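Here is my note on the model you sent.

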Amino acid sequence: MNKCVLSASGSGHPVVCWLLTAAEMKRCDSNTSEIFGVPSVVLMERAALSCVDVIVSRQKKLEEQAGQLGLHPKRRVLIAAGGGNNGADGIAIGRLLLQEGYDVSFYLASGEEKASELLKLQLHTAKAYGAVICDTIPDGEYDIIVDALFGIGLCRPAEGIYREAIEWINAQDAFVLAVDLPSGIETDTGAVLGCAVRADVTVTFGFWKRGLLFYPGCKYTGKVICTQIGITEDGFLNQTPEAFTFTAPVAELLPARPEDGNKGTFGKVLLLAGSEAMAGAAILCGRSAFYAGSGMVKLSCPTLIHPVIQTALPEAMTADSVEASARWADVIGAGPGLSLSDRARKELLFVLQQTLQPLVLDADAINLIAKDEALLQELIEHQQNPATRRKLILTPHPGELARLEGCAIEEILKQPVFYAKKWANRLQAAVLCKGARSIAASPDGSIYINRSGNSGMAVAGSGDVLTGIVTALLSTIDDPFWALCIGVYLHGLAGDLAAHTKGEYSMTSNDIAEAVWAVLVKQEKNYV
Ligand SMILES: NC(=O)C1=CN([C@@H]2O[C@H](COP(=O)(O)OP(=O)(O)OC[C@H]3O[C@@H](n4cnc5c(N)ncnc54)[C@H](O)[C@@H]3O)[C@@H](O)[C@H]2O)[C@@H](O)CC1
Ligand SMILES: [K+]
């Protein structure tokens, strides 16, 4: 993925937010210090100051509110520090708060002899300002707890005194600020390693870490504040991070609509979708393709369901088979409500073997390929060969990806990034793994992690809407990965809008489709 494309934003809003792994963050930290010469201790002081700012401004607000009632909120702080540089941040925060007049107690969970060099330095300075460092949690009540046990260096489950400290923190009635990450959350995956601190606020330094966005990590962070401490994109050098997410709005990433365009300009979408028992899937998919900007949509489906489709979606054309319409189409989408019938298989074979247009494969199209080893191998061979490769997007949910891989769904759920990347590489395609945080992988190794959407979208037909949106975008956006990322993001925003009107309990996939136009209007106005 081209860093310039990702960073470009005429509106002044950043288009993307990088999501770093622990290794990427460590590399960026050390490049900042070693290549650019900013000493680690300077970065740490800025990191600590940024946490102190959050604590002090919250405290000021509390004191203003309480003052009106004649009350005096207390300023009793506990710093819970581990033996690495996250702990060093914590000690620096405590020292700065002492200087601000807070009543600060210090708990160091690891022995001083095992402390990192920066932690030793911070301990020395804090002691010079009168800090008393305890090796057990000092008795007392605390209004504020600073969780600095582990940051990006967590490498195994929290056990023993660390588990006790985390459980103790979670049992207190105090405001908990997590330094960089809630201790116990794995930086790359968001997994809970043993147990984890439940924070009210997480102040993370320089860049978001993946684990702050992924489930279950995101349930532990509270509000995430990403502060600038002097570690910038310069520190990436030539290695941009793998993963990113969008920051709204994405208006400038949407395909331009030429004023003098005609219905052909905006994409002729052929959908191989729907079957006798699942006509609705074709309707949802076609409707969403129109709302996402397509000029023309043709649905290839059994003749029996043509009347219902034409009644529900009069804008669309219908066809008995893809063969008759293959030349007409700019782009093809296959799978929603297709079924595993002989007709469906025959039609899909035609699409795979006799057409070259950009293609989106979803649902039963993926299931049919997964069932047929020879067909799968043929597709892989075509895609591996630059001469026969076509623009391809796959939008499986974890169950469909597991069928392709031939493994249990749990295996995919454990490592969704790994499997999305594996299939993106194998098929030289943009591959999605759908979920509460859908992950899109590009053959060049880029990863998009989606943050829009809500639990109301886990409903029948939601994927059909996505396929319609993504297929429409693929007809006018050149890069399949880009079309997929934008489509997934818009789909989630439409789901959020549907939830806003109908509620997460009651919304249906048609509500998501019906919200697509409103989301695009908002994007056009650069307003989300
Ligand atoms: N220039 C830099 O490198 C900066 C680093 N910063 C801080 O430094 C942190 C990273 O520091 P470190 O790399 O020292 O890592 P951490 O401080 O996150 O933790 C590493 C230490 O914890 C131990 N450990 C890991 N998992 C454990 C477990 N389950 N049980 C017991 N011990 C365990 C490790 O052996 C090591 O001693 C960041 O998260 C951030 O808070 C910030 O000060 C910003 C600048
Ligand atoms: K922490």
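1. Eight residues of domain 1 touch eight residues of domain 2, where a contact means that C-beta atoms, placed from the backbone, lie within 7 Å. On the domain 1 side of this contact there are six nonpolar, no polar and two charged residues. The classes are as follows: Ala, Val, Leu, Ile, Met, Phe, Trp, Tyr, Cys and Pro are nonpolar, Asp, Glu, Lys and Arg are charged, and the others, Gly among them, are polar. Domain 1 covers 17-244 and domain 2 covers 336-524, with bounds from an automatic or database domain assignment. Their centres, taken over C-alpha atoms, are 38 Å apart.

2. This is a predicted model, in which local features need pLDDT of at least 70 and side-chain atom pairs count only at pLDDT 80 or more, while totals for chains, interfaces and linings use all residues. Residues are numbered from 1 along each chain as its sequence is written, chains are lettered from A, and ligands are numbered from 1 in the order in which they are written.

3. On confidence, the chain has a mean pLDDT of 93, and 96% of its residues reach 70 or more; pLDDT is the predictor's confidence in each residue, from 0 to 100. The ipTM is 0.98 and the pTM 0.93. Over residues 1-13 pLDDT stays under 50, and the model has 18 contacts beyond four places in sequence for them. Where pLDDT is low, the predicted coordinates should not be read in detail.

4. Helices (H or I, at least four residues) and strands (E, at least two) are DSSP runs numbered from the N terminus.

5. An open sheet of seven strands runs in the order β4-β3-β2-β5-β6-β7-β9, with parallel pairing; two strands pair if DSSP finds at least two bridges between them. Its edge strands, β4 (133-134) and β9 (223-227), each pair on one side only. Within the sheet, β2 (residues 76-81) and β5 (residues 144-148) are joined by five bridges, and Ile79 has Val146 in β5 as its bridge partner.

6. Strand β17 (residues 430-433) is covered on both faces, with Ala430 and Leu432 buried on one side and Val431 and Cys433 buried on the other. Buried means 20 or more other C-beta atoms within 10 Å of a residue's own, with C-beta atoms placed from the backbone. Strand β17 pairs in the parallel sense with β16 (residues 392-394) over two bridges, Ala430 standing opposite Ile393. With β18 (residues 439-441) the pairing is antiparallel, over three bridges, and Val431 stands opposite Ala441. A hairpin of five residues joins β17 to β18.

7. Most residues other than glycine have a negative phi, and most peptide bonds are trans. Ala363, in helix α10 (residues 363-371), has phi near 40° and is buried, with 24 other C-beta atoms within 10 Å. Gln428, in the loop between α14 (416-427) and β17, has phi near 45° and is buried with 22. The peptide bond joining Tyr215 and Pro216 is cis, with omega about 0°; Pro216 lies in the loop between β8 (208-209) and β9.

Conventions:
Two residues are in contact if their C-beta atoms, placed from the backbone, lie within 7 Å. A residue is buried if 20 or more other C-beta atoms lie within 10 Å of its own, exposed if 12 or fewer, and partly exposed in between; C-beta atoms are placed from the backbone.
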